[in-house]
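Subject: Structure handover and findings

Hello,

The structure is below, and my notes on it follow. Please read them with the model open.

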Amino acid sequence: MMRMMVALTLAALPFAAQAQDSGQEAWARIFEVASHPRCTNCHVGADGRPAWDNLGYGSDRLHGMNIVAGESRIGAESIPCRTCHISAEGANDRPHAAPQVDDAWRLPPVELAWRGKSSAEICAQMRDPDSNDGLTPEELVDHVRTSVFVAYGFTPGEGRDPAPRTLADLTLDFEIWTAAGMPCAAD
Ligand code: HEC
Ligand code: HEC
């Protein structure tokens, strides 16, 4: 019995190491997407200022017209996002028009801020329920698969660069990463 357990443990080791490797490769691809302006222009910090990076106005650009999302994250304290960002499905085919999705356009909670952060920082945040909107690994995969905001990043419409690869690729990478125990590069 003892010998069998040793054999099993030894056999399991290379597999675990492999899962860790491919988990880290999956994370590297997830980071390429999460650090893309189509995501980071919304995933901003406590000052509540959405960004306009990579839209043709330069690389370190805040939203025009002094837009501030406030604590509500939807601009309730000043100009609501919905004044310009309509909550309805749409092709977003007019360059430089305010993008629309079938949900209330808003910033994520401040704990989900990624703009300007490193791979190690975003990875640590995303696997911690305190800074990933309280999601279990399964719910995280589900969010990526179904969120209209994530989908928008891949189909932002005329004049805006989409996030790299496809939504299906990103969902698969989240499946690989969570199944491998959410490894970060420094682990
Ligand atoms: C219009 C703003 C907006 C854009 C653009 C956006 N998000 Fe989000 N994101 C949100 C909001 C808001 C939440 C919080 C959950 C909710 O209210 O739906 C969120 C939550 C998340 C979460 C779950 C919590 C966490 O941090 O682990 C993930 C993962 C995520 N977004 C990934 C992305 C990715 C990847 C992109 C780009 C391809 C992206 N988002 C683009 C607004 C946005
Ligand atoms: C007065 C109109 C107006 C209001 C109000 C407004 N926006 Fe925008 N927003 C725009 C326009 C126009 C664009 C498109 C800029 C471009 O593509 O050149 C835009 C683009 C964005 C982008 C960039 C999307 C991308 O793909 O990079 C984000 C993020 C954003 N808005 C967030 C917000 C948030 C959050 C609010 C509310 C707090 C808000 N906006 C309120 C007009 C507005």
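In which helix is R38 found? R38 is found in helix α2. This is a predicted model, and the values below are computed from it. R38 has a relative accessibility of 7%, so it counts as buried, the limit being under 20%. The side chain of R38 also has a polar contact with ligand 2: one of its N or O atoms is 2.7 Å from an oxygen atom of that ligand. From R38 to M182 the separation is 144 residues in sequence and 23 Å in space, taken C-alpha to C-alpha.

Overall layout

The chain has six helices and zero strands, and the order of elements from the N terminus is α-α-α-α-α-α. Along the principal axes, the C-alpha atoms fill a box of roughly 70 × 30 × 30 Å. The chain has 187 residues, of which 36% are buried.

Ligand 2

There are 26 residues around ligand 2, and Y57, H63, C81, C84 and H85 are the closest. Y57 has a polar side-chain atom 2.4 Å from an oxygen atom of ligand 2. For Y152, a polar side-chain atom is 2.6 Å from an oxygen atom of the ligand. The space that ligand 2 takes is the largest pocket.

Ligand 1

An N or O atom in the side chain of H43 is 3.1 Å from a nitrogen atom of ligand 1. In the side chain of R106, an N or O atom is 2.9 Å from an oxygen atom of ligand 1.

Q100

Q100 is placed in the loop between α2 and α3 (119–126). Is Q100 buried or exposed? Its relative accessibility is 19%, and because the limit for buried is under 20%, Q100 counts as buried. Its side chain reaches the backbone oxygen of A88 at 3.1 Å.

Helix α6

Helix α6 covers residues 167–179, which is 13 residues. At 1.5 Å a residue the helix should span 18 Å, and its end C-alpha atoms are 18 Å apart, so the two values agree. Its buried residues are L170, T171, D173, F174, W177 and T178. Why do the buried residues of α6 line one face of the helix? Seen down the axis, they fall within an arc of 160 degrees, so they line one face. Just after α6, G181 takes a positive phi of about 85 degrees.

Regards

How values were computed: Residues are numbered from 1 along each chain as its sequence is written. Chains are lettered from A and ligands numbered from 1 in the order in which they are written. This is a predicted model: local features need pLDDT of at least 70, side-chain atom pairs count only at pLDDT 80 or more; totals for chains, interfaces and linings use all residues. Side-chain values use heavy atoms; hydrogens and water are left out. Helices (H or I, at least four residues) and strands (E, at least two) are DSSP runs, numbered from the N terminus. The expected span of a helix is 1.5 Å times one less than its number of residues. Buried means under 20% relative accessible area, exposed over 50%, partly exposed in between (1.4 Å probe, protein chains only). The arc is that of the directions from the helix axis to the C-beta atoms. A polar contact is a pair of N or O atoms within 3.5 Å; within protein, one must be able to donate a hydrogen and the other to accept it, and residues adjacent in sequence count only if both atoms are side-chain atoms. A residue is near a molecule or strand if one of its heavy atoms lies within 4 Å of it. On a 1 Å grid over the protein atoms alone, a cavity is a set of points where a 1.4 Å probe fits but cannot get out, and a pocket is an open set with protein on both sides within 12 Å along at least five of seven lines; lining residues have an atom within 4 Å of a point. A molecule sits in a cavity or pocket if more than half of its atoms lie within 2 Å of its grid points.
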